[in-house]
Amino acid sequence: MRRFLTGFLCVILALGMAFSAAAEPVRGAVRFSEDGQEQLGQPLAGLKIGIDPGHQTHANTEREAIAPGSSETKAKVASGTAGVNTRTPEYVVDLQVSLILRDILTAMGAEVKMTREENDVDISNIERAVMMNEWGADMVLRIHCNGSIDRSVKGAGMYVRKTGAMAEESAQLARCLLAAVGEYAGAQTQSVYKRDTYTGLNWSEVPCVLVELGYLSNAEEDALLNDAAYQEKLALALVWGMIDYVNTPEFSVSRQQPAGDDADVG
């Protein structure tokens, strides 16, 4: 495993001890016995989890349909934002967090597929969604960072499709992720936003959430999002959120519902 594992285990220990002072608290993949020793399990074994690190080195301004059958088009891949102070491109941070997330998920038993594992690629948003549909992902996280002309704005937010395939299941996944990021990573959080304006969400046939980890346009969050220890906390928090989602009725429905069955969540 990567060098982050030492830090990862320390984070697990810190989080687990905070969950409860009971003799044998249990949380997802970690059980703490009376002597305080952690035991790692594999609560995500058998699941196929997709990770889409947002953007890429070069934008692709060619147009593609925003949704199946739509005449509205958008650029295939936008350029993304960059840190207000660090100047780190968003696509770099997106991939850094995604690689940590991949390794934690693998350690917890999941089968993981990434749309990209390097920055210099050319993969459109439709192609990213179709890749995960064809693979049969149980859920997909699209990892991004946000930006605003108002540099005071900060906080993690989750975006899901408002209508269409797996809309409610995606919303429930987003709620679990948002709660976990706030509680276990200590991130300031915004809300779950329902939109039909994101190509990668509209073309997805599986539960899919666009995760905005924070605002690179905010100096405080720019520093945090470029900090390796904080990236590890975010990645682990996202895993806790996925574990919480797996224990919801919506997850069971998503594994039974045929892809493409529309649901309007309003």
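Select R128 first: at 2% relative accessibility it counts as buried (under 20% relative accessible area is buried, over 50% exposed and in between partly exposed, with a 1.4 Å probe and protein chains only). This is a predicted model, in which local features need pLDDT of at least 70 and side-chain atom pairs count only at pLDDT 80 or more, while totals for chains, interfaces and linings use all residues. Residues are numbered from 1 along each chain as its sequence is written, and side-chain values use heavy atoms, with hydrogens and water left out.

R128 lies in helix α3, residues 125-135. Helices (H or I, at least four residues) and strands (E, at least two) are DSSP runs numbered from the N terminus. Next, show what surrounds R128. Setting aside neighbours within four places in sequence, R128 is in contact with D52, P53, G54, H55, Q56, V77, T115, R116 and I123; contact means heavy atoms within 4.5 Å.

Now zoom out to the whole chain. The protein chain has eight helices and 13 strands. Of its 266 residues, 52% count as buried. Among contacts between residues at least 6 apart in sequence, 76% join residues at least 24 apart.

Select helices α2 (residues 90-107) and α7 (residues 228-246). Their axes come within 9 Å and cross at roughly 50 degrees; axes are lines fitted to C-alpha atoms, for helices over the stretch in contact, and angles run from 0 to 180 degrees between N-to-C directions. The two helices are therefore oblique to each other (under 35 degrees is roughly parallel, over 145 roughly antiparallel, 65 to 115 roughly perpendicular, the rest oblique). For the side chains, display V93, Q96, V97, I100, L101, I104 and L105 in α2, which meet Q231, E232, A235, L236, L238, V239 and M242 in α7. The residues of this contact divide into eleven nonpolar, two polar and one charged (Ala, Val, Leu, Ile, Met, Phe, Trp, Tyr, Cys and Pro are nonpolar, Asp, Glu, Lys and Arg charged, and the others, Gly among them, polar).

Finish with two backbone positions. Most residues other than glycine have a negative phi. R87, in the loop between β6 (73-77) and α2, has a positive phi of about 65 degrees. M166, in the loop between β10 (163-165) and α4 (167-184), has a positive phi of about 60 degrees. Which of these positions is buried, and which exposed? R87 counts as exposed at 55% relative accessibility, whereas M166 is buried, with a relative accessible area of 2%.
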